[in-house]
Every structure is written in C-alpha cells, then in structure tokens.
Amino acid sequence: MSIRALVAEDEKPAVDHLLKLLGASPRGVEVVGVCESVRQTLAWFGKRAPDLLFLDIHLADGSGFELVEQSPVRCPVIFTTAYEEYALRAFKVNSVDYLLKPVEAGELDRALGKYQEQGWKSRDDQNLGPRMDALVRLLGRSFKSRFVVQAGARIRSVDVERISCFYSLEGSTFLLEDTGKSYDLPHSLDQLEEQVDPLQFFRISRQCMVRIGAIEDIHTLSATRLKLVVRGGDRDGVVVSRRKVQEFKSWLEK
C-alpha cells in the first residue's frame, strides 16, 4: 500500500528536489498535494487527510509549528528544516522526524522507514501534543553563548565553545576554560544547568557539568563508573556518578 503524502514547502527548488526523491523512493510514496503556505495547508486538511505530512518549518505566511499546534492536522509529520543541530536533535529526542535541507536520499529513506515501522496512523496515535510542547519550549529558549568572568582586575567574556566544564568546590562555582584557567561564577550549578544548551552540556554529578566538545577521553572504571578527561582539566579526570552513567551514555549518542 502506497503512502499518501502531502508536501508543505514554499521554496520551489526544495519542492522539486523532494518530489524527485519521493518519486524514486522504493517505499511507495504518492504525493497527493503541494502547499506553500499555512493557509493552503489548512484548506487542504479541511477537505481530506494524507497519511503523512512533509512540513517546512518556515512557510510563506507563518510557522509550521503553528500549523501543527493550532490546526486539525491529524497525521504524522516529518519536518524539513535548516535549523541548527541542537534543534534537529530535539526532533529526534521527541520522536518527531526531520529532514535537513538539502534533503538526502538516505535520510529520506530513514524517515520513511521509521514511519512504516512504527505504523503511525494519526497524530493522536503518536501522542504528539506533549512532544511538540516540549520541542517548542526548547526552540523558544535562548541559551547563553558566553559568560562574563572576573580575571583579576579585568573582565573577560568566555565563549561557550571555550568552556570545558562547570564545577563546584567548597561552596563556590567555577568555570573551567579549555586553557586550564578557572574563574569564579556567581551562579549555582542548578542555575547554570538552566542557562546552557542541554545538548552541549551534561550534569555528570552534583559537583560537575561537562561540555561534550571538551571531552578528550572516557575511561571505564567499572560497569557502573566512568571517568572523563576534559580539555584543560586535571589528567586525573572527573567521575560520572553511578546514577548518571546510563543517561550520560544516551546523551553522547544524541
């Protein structure tokens, strides 16, 4: 049985490219319509429902998010997007698939395979409501890109990409730069955890939160213990708490 797909996309080259890939797909996809705006898509859904919707995040007259949240769309959604990676990973985490433009044939096949394997029939079956709410909240958040620190008599701005970890020691919180220098911060780790991108930073223990790009080595101490070596840090490393090990491993794969 073929998949009846609707495409909501306002860029003609992107439409043509996606239609070409769908036409060549061995998954058996029939494109039943193409819409370039939220209004057109709403009108289409007012008459009939496809099996699957390919939805651009930015349409000619509004957001694809608004369409899904506020409209009678009742089918699985595969987003097409040029959003940065942290947003794309959010789609994966929340089980809403995505295709990064320009769409690649292999990624399209992966998305269609996911749709077929899970046997989705409607948005209700997916329970997309809570997932979309979480996704919209994440995309709407503004994570810090730099921190201002006191370096003696001077004030410095440290980009997030230069941070190896945040850690607490004797009641104070510190930022460890990849150069090995540490700076005192007027925030708790709990507060910092709310300010940084959770796809870049992970709280490995009560005392430490590391940045994924700064991890240089991971040592297995036991079945339930890991030690990390971060750039600029002590070569003895920092230990992932037992209760965080499995969650940490899953985070590394996002």
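Q: Which residues do ring pairs link into a cluster?
A: This is a predicted model, in which local features need pLDDT of at least 70 and side-chain atom pairs count only at pLDDT 80 or more, while totals for chains, interfaces and linings use all residues. Residues are numbered from 1 along each chain as its sequence is written, and side-chain values use heavy atoms, with hydrogens and water left out. Rings of Phe, Tyr and Trp (its six-membered ring) pair if their centres lie within 6.5 Å; planes under 30 degrees apart count as stacked, over 60 as edge-to-face and the rest as tilted. The cluster linked by such pairs consists of F147, F166 and F201.

Q: How are the rings of F166 and F201 arranged: stacked, edge-to-face or tilted?
A: A search of the whole structure finds seven aromatic pairs. In the pair of F166 and F201, the ring centres are 5.5 Å apart and the planes meet at 35°, so the arrangement is tilted.

Q: How many residues apart in sequence are the parts that F166 and F201 tie together?
A: Strands (E, at least two residues) and helices (H or I, at least four) are DSSP runs, numbered from the N terminus. F166 belongs to strand β10 and F201 to strand β13, so the pair connects parts whose separation in sequence is 35 residues.

Q: What is the relative accessible area of F201?
A: Buried means under 20% relative accessible area, exposed over 50% and partly exposed in between (1.4 Å probe, protein chains only). F166 counts as buried at 0%. F201 is also buried, and its relative accessible area is 4%.

Q: What is the angle between the ring planes of Y167 and F174?
A: F174 counts as buried, at 18% relative accessibility. Its ring and that of Y167 form a stacked pair, 5.3 Å centre to centre. The angle between their planes is 20°.

Q: Which residue in β14 stands opposite F166?
A: Two strands pair if DSSP finds at least two bridges between them. Strand β10 (residues 163-169) runs antiparallel to β14, with three bridges joining them. The residue opposite F166 is M209.

Q: Which residues of strand β14 are buried?
A: In a regular strand the side chains alternate between the two faces of the sheet. Strand β14 (residues 208-211) is covered on both faces, with C208 and V210 on one side and M209 and R211 on the other. The buried residues are therefore C208, V210, M209 and R211.

Q: What is the bridge partner of F147 in β9?
A: Strand β8 (residues 146-151) pairs with strand β9 (residues 154-159) in the antiparallel sense over six bridges. They form a hairpin with two residues between them, and G152 in the turn has a positive phi of about 70°. The partner of F147 in β9 is V158.

Q: Which residue has its charged end over the ring of F147?
A: A charge sits over a ring if NZ of Lys or CZ of Arg is within 6 Å of the ring centre and within 35 degrees of the ring normal. R48 lies over the face of W44, at 4.4 Å from the ring centre. Over F147, at 4.9 Å from the ring centre, sits the charged end of K144.
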